[in-house]
Amino acid sequence: MRLRLPDWLIYLVIVMGFYAYANRVSERAPAPPPPPVTLGELLPEQSPRDESIIVEVGEAGDGTGTAFPIDRRGTFMTARHVVDGCEEVGLAAGNEIAVMAESVRIDPDADLAVIETDWNRPPLPSDISGRKRIGEAGYFFGFPQGRPGEAVGHLLGRGRLRVRGRYRTEEPVFAWAEVGRTSGLRGSLGGMSGAPVLDADGEVIGVVAAENPRRGRIYSVAPVSMADDFKNPPAAPEPIAARNYGTRADRYRRERRIVQVVCWAG
């Protein structure tokens, strides 16, 4: 005797199959592998001859950026220019605001800001020793152009970021040559500001501060500027490689360890 399945059961199996496939596709990060890394000499100390990067900061306005947790008490870090001048700041999960900031602390000397919330998330591992080699890979996970995305760069050297306009600061930064990004992502990485920069060990070594799309450069806050905010025992690192940086970024966003910042300037 042949067993005949009910029509509704057949339809249910088909629908569940499509749902599983859609989820698998949506979580797949189409991030092509970057070129192989060629390590050079140790990164030199700061020097007056370091490249100067001039950034003009205009009037405060509504916008978005990226943030990540630095402890288990609801403290997140982002770039100063993302939240400076905002009347309200929120952290988004998916298409919804997950939590509003209780307070925002601006670093007067660097492009850094700390957001205090009651949203406790596991922090990312960190290494702010600054001991790096020219050519090392850096992975940038965030929300470029307001959408999930990632990029990868090779360390070129040091620079000096000089911010002018609404406020003025001057600080050391790391300069990166962008060598890969999410497939289909074109133009500016705007919205990546405040994103963590992770090394091959999977540890945070900087925060995205600026870019030069014409030259293919990304600039990140130097570890020395972050020392006062990273005083907690570091989390266990998970190495990152060319083959998995896209899926690692997706996982961190799903875990809300990399989130979008929303600024309302009023």
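Are Cys86 and Cys263 buried or exposed? Cys86 is buried, as is Cys263; buried means under 20% relative accessible area, exposed over 50%, and partly exposed in between, with a 1.4 Å probe and protein chains only.

## Basis of the report

This is a predicted model, in which local features need pLDDT of at least 70 and side-chain atom pairs count only at pLDDT 80 or more, while totals for chains, interfaces and linings use all residues. Residues are numbered from 1 along each chain as its sequence is written, and side-chain values use heavy atoms, with hydrogens and water left out.

## The disulfide

The structure holds one disulfide, a term for a pair of cysteine sulfur atoms within 2.5 Å. The sulfur atoms of Cys86 and Cys263 are 2.0 Å apart. The torsion about their S-S bond is about -110°, so the disulfide is left-handed. The pair links distant parts of the chain, 177 residues apart: Cys86 lies in the loop between helix 2 (80-83) and strand 4 (88-93), and Cys263 in strand 14 (residues 259-264). Helices (H or I, at least four residues) and strands (E, at least two) are DSSP runs, numbered from the N terminus.

## Strand 9 and its partners

Strand 9 (residues 149-165) is mostly covered, with 13 of its 17 residues buried. Two strands pair if DSSP finds at least two bridges between them. Strand 1 (residues 51-57) runs parallel to strand 9 and is joined to it by seven bridges; Glu51 has Gly159 as its bridge partner.

Strand 8 (residues 137-142) is antiparallel to strand 9, with six bridges, and Ala137 is partnered by His154. His154 also stands opposite Ala177 in strand 10. Strand 9 and strand 10 (residues 169-181) run antiparallel, joined by 12 bridges, and form a hairpin with three residues between them.
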